[in-house]
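Here is a short briefing on one protein structure.

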Amino acid sequence: MDLPAPDPALPHLADVVPSVLSAMGAAGFDNTLELPGDRAGACVLLIDGLGAELLDRYAADAPTMASLRGRTLTVGFPSTTAAGLAAVGTGRRSGEHGFVGYSFRVPDAGVINALRWRPHPWGQDLRSTVVPEQMQPLPTTFERAVSADVAVSVVSGAEFTGSGLTRAVLRGGRYVGVHALGDLAAAVQTTLSDGGFCYGYHAELDMLGHLYGPGSAQWRMQLRQIDTLIESVVESLPPGGLLAVVADHGMVEVIEHETVDIDATPALLDGVQAIGGEARARHIYIEDGSHDDVLHAWRAVLGERAWVLSRDEAIEAGWFGPQVSDEIRPRIGDLVAAARGCAAIIRRTVEPLESSLIGHHGSLTFAEQTVPLLLAVG
């Protein structure tokens, strides 16, 4: 079987924050991206859903970002927000930080939604029982930076203050909750002028890509607004400042006739105990004694629409990075299905909202896997 894998020749999203902190002179970090040193202040700004292919295709809508276009990064598998933010926040791949999907099974807790920190597909908040700091116990890049005497701010949506995901992978800095592009830009400018480090996050491009499709008129208008944001930050960069703009994944528009509805396909449910992931990256948890039958059924039904691997095969193929810890292995499905082309593996009954979306991500295609690194120095 000819299997895809994250491109080992490309630098990884997990390398960005350590490289930036090293460029600021923070002890204990490696500048693997070879960024310019002696930085007096720096910001890593993550634009959710800004794939490298998409930026290059619509460069005319984002002239400032296009002018800053540098290297291409890989985000690893799965190419989804929870895993991408965890890579930024820990400096590790998914096999180490443990955010192996949009949703995944946690022993003694069932399948949880990593963004909402609730049972998947619905349920009450789990922060009291699935304690974020225990589920992801590795020190974050921000905690390490604070220990190295760097002033750290995390600038993101006010609604994410104290969320499970924030506590798990973004803890350590001073959290600055913002509401729109204006106060995001202002908070980033303040950090840079004060000579500190900040991580900033903007979500709306991804949202519009899901709803209307990447490259839609709505998506392109949002891209133009983000370009204005970047332009304002670049213009205000103080001497010695550094802005690094990245993303957590790209996106593809799925095709209806390439879509398979798990809930309407009994063969995909027989012998299955639970299903996690999302439309282009599924975790399948299997009842005892049913592994071979379920593997055969999923491969037969999905055919050329997806790569369907056992957990061991996916790990051996390097999908979750060069290392997968013993604590993380049970979170990965007994089977892992990664969509090919423009296919989607949806659940219209269990996941009606997600199944209605036009744009998706999560799998191993170049469009989903690669994101741009944009750099500006003061």
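This is a predicted model: local features need pLDDT of at least 70, side-chain atom pairs count only at pLDDT 80 or more; totals for chains, interfaces and linings use all residues.

Residues are numbered from 1 along each chain as its sequence is written, and side-chain values use heavy atoms, with hydrogens and water left out.

- Helix α10 spans residues 204-212, and its buried residues are Leu205, Asp206, Leu208, Gly209 and His210.
- Buried means under 20% relative accessible area (1.4 Å probe, protein chains only).
- Helices (H or I, at least four residues) and strands (E, at least two) are DSSP runs, numbered from the N terminus.

**Strand β14**

- Five of the five residues of β14 (residues 306-310) are buried, so the strand is largely enclosed by the rest of the structure.
- Ala306, Val308 and Ser310 point one way, Trp307 and Leu309 the other.
- β14 runs antiparallel to β15 (residues 335-339), joined by five bridges; strands pair if DSSP finds at least two.
- Trp307 stands opposite Ala338 in β15.

**Aromatic rings**

- The structure holds eight aromatic pairs.
- Phe99 and Phe104 have ring centres 6.0 Å apart and planes at 80°, so they are edge-to-face.
- Rings of Phe, Tyr and Trp (its six-membered ring) pair if their centres lie within 6.5 Å; planes under 30 degrees apart count as stacked, over 60 as edge-to-face and the rest as tilted.
- Phe77, Trp319 and Phe320 form one aromatic cluster.

Definitions and conventions:
Buried means under 20% relative accessible area, exposed over 50%, partly exposed in between (1.4 Å probe, protein chains only).
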